[in-house]
Amino acid sequence: MCGDAMKFGGPLLLVPLASLFGLRPGMNVAVINSPEHFLEALLPLPEGAALIDASPVGLDVQILFASKKIDLIEKLSASTRGMALTGAIWVCFPSEGDSSLVVTEDFVRLAALEMGLTDTKKILIDPRWAALKLQWKNRVPRPEVPEVRA
């Protein structure tokens, strides 16, 4: 991210970034540690969707940027506490890394598993950044169907 400014999307992006991240009307969305120009590229959001700086609970989608492993662990742990039960955390990481300190796809998966999350989708948001969608692992199904009473 040295030199020229980050430009997300561009001519190769066929859908808006908001669609790529699965943002829908009425969602509460948080963007954490975003690079310069990312928020401008993410807009416009779907009708009724809101960008929220911080929320103790109920975030439908969180988009977390991390280039260092230690940052990922700290931010991912905090993000899981604010995540809605059916919510998702998109972890964006450099698509290429030279150092053992740089976040990789495998590292994101291992960190997620330790926190009870699993990855369900991978996207490339620009030539420099890839992202994994993390969601809570499937819960054990209920052994019996509850009775419905009027």
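**Entry 1. Helices on the sheet**

I began with helix H3, which lies across S1, S3, strand S4 (83-94), S5 and S6 and runs at about 160 degrees to S4. I note that the model I am reading is predicted. I then turned to H4, which lies across S4, S5 and S6, at about 15 degrees to S6.

**Entry 2. Overall inventory**

I looked up the secondary structure of the protein chain and found 4 helices and 6 strands. Read from the N terminus, the elements follow the order α-β-α-β-β-α-β-α-β-β. I recorded that 36% of the 150 residues of the protein chain count as buried. Among contacts with a separation of 6 or more, I found that 67% come from residues 24 or more positions apart.

**Entry 3. The sheet**

I traced the strand order next: 6 strands form an open sheet, S2-S1-S3-S4-S6-S5, with mixed pairing. S2 and strand S5 (117-126) are at the edges and have a single partner strand each, so one side of each is left without a neighbour in the sheet.

I followed S1 (residues 28-32) in both directions. Its pairing with strand S2 (residues 50-51) is parallel and rests on 2 bridges; here Val29 stands opposite Leu51. Towards strand S3 (residues 59-65), S1 is again parallel, and 4 bridges join the two. In that pairing I noted Gln62 of S3 as the bridge partner of Ala30. I also checked the burial of S1 and found 4 of its 5 residues buried.

At the other end of the sheet, I examined S5 and strand S6 (residues 129-136), which run antiparallel and are joined by 8 bridges. One of the pairs I looked up there is Asp119 with Leu134, the latter in S6.

**Entry 4. H3 against H4**

I returned to the two helices. H3 (residues 69-82) and H4 (residues 105-114) pack at an angle of about 30 degrees, and their axes are 11 Å apart. Angles under 35 degrees count as roughly parallel, and H3 and H4 are therefore roughly parallel to each other. I recorded the crossing of H3 with H4 as right-handed.

Which residues of H3 and H4 meet? From H3 I listed Lys69, Leu72, Ile73 and Leu76, and from H4 Phe107, Val108, Ala111 and Ala112. The residues of this contact comprise 7 nonpolar, no polar and 1 charged.

**Entry 5. Thr80**

Is Thr80 buried or exposed? I placed this residue in helix H3 and read a relative accessible area of 13% for Thr80. Buried means under 20%, so Thr80 is buried. Setting aside residues up to four places away in sequence, I found Thr80 touching Ile89, Met115, Leu117 and Trp136.

**Entry 6. Pro56**

Lastly, I looked up Pro56, in the loop between S2 and S3. Its relative accessibility is 68%, and Pro56 counts as exposed, the cut-off being over 50%. With neighbours within four places in sequence left aside, Pro56 is in contact with Arg81 and Gly82. I also took the C-alpha to C-alpha distance from Pro56 to Ala84, which is 10.0 Å, the two being 28 residues apart in sequence.

Note on methods:
Residues are numbered from 1 along each chain as its sequence is written. This is a predicted model: local features need pLDDT of at least 70, side-chain atom pairs count only at pLDDT 80 or more; totals for chains, interfaces and linings use all residues. Side-chain values use heavy atoms; hydrogens and water are left out. Buried means under 20% relative accessible area, exposed over 50%, partly exposed in between (1.4 Å probe, protein chains only). Two strands pair if DSSP finds at least two bridges between them. Axes are lines fitted to C-alpha atoms, for helices over the stretch in contact, and angles run from 0 to 180 degrees between N-to-C directions. Angles under 35 degrees count as roughly parallel, over 145 as roughly antiparallel, 65 to 115 as roughly perpendicular and the rest as oblique. A crossing is left-handed if the near helix is turned anticlockwise from the far one by less than a right angle, and right-handed if clockwise. Contact means heavy atoms within 4.5 Å. Ala, Val, Leu, Ile, Met, Phe, Trp, Tyr, Cys and Pro count as nonpolar, Asp, Glu, Lys and Arg as charged, and the others, Gly among them, as polar.
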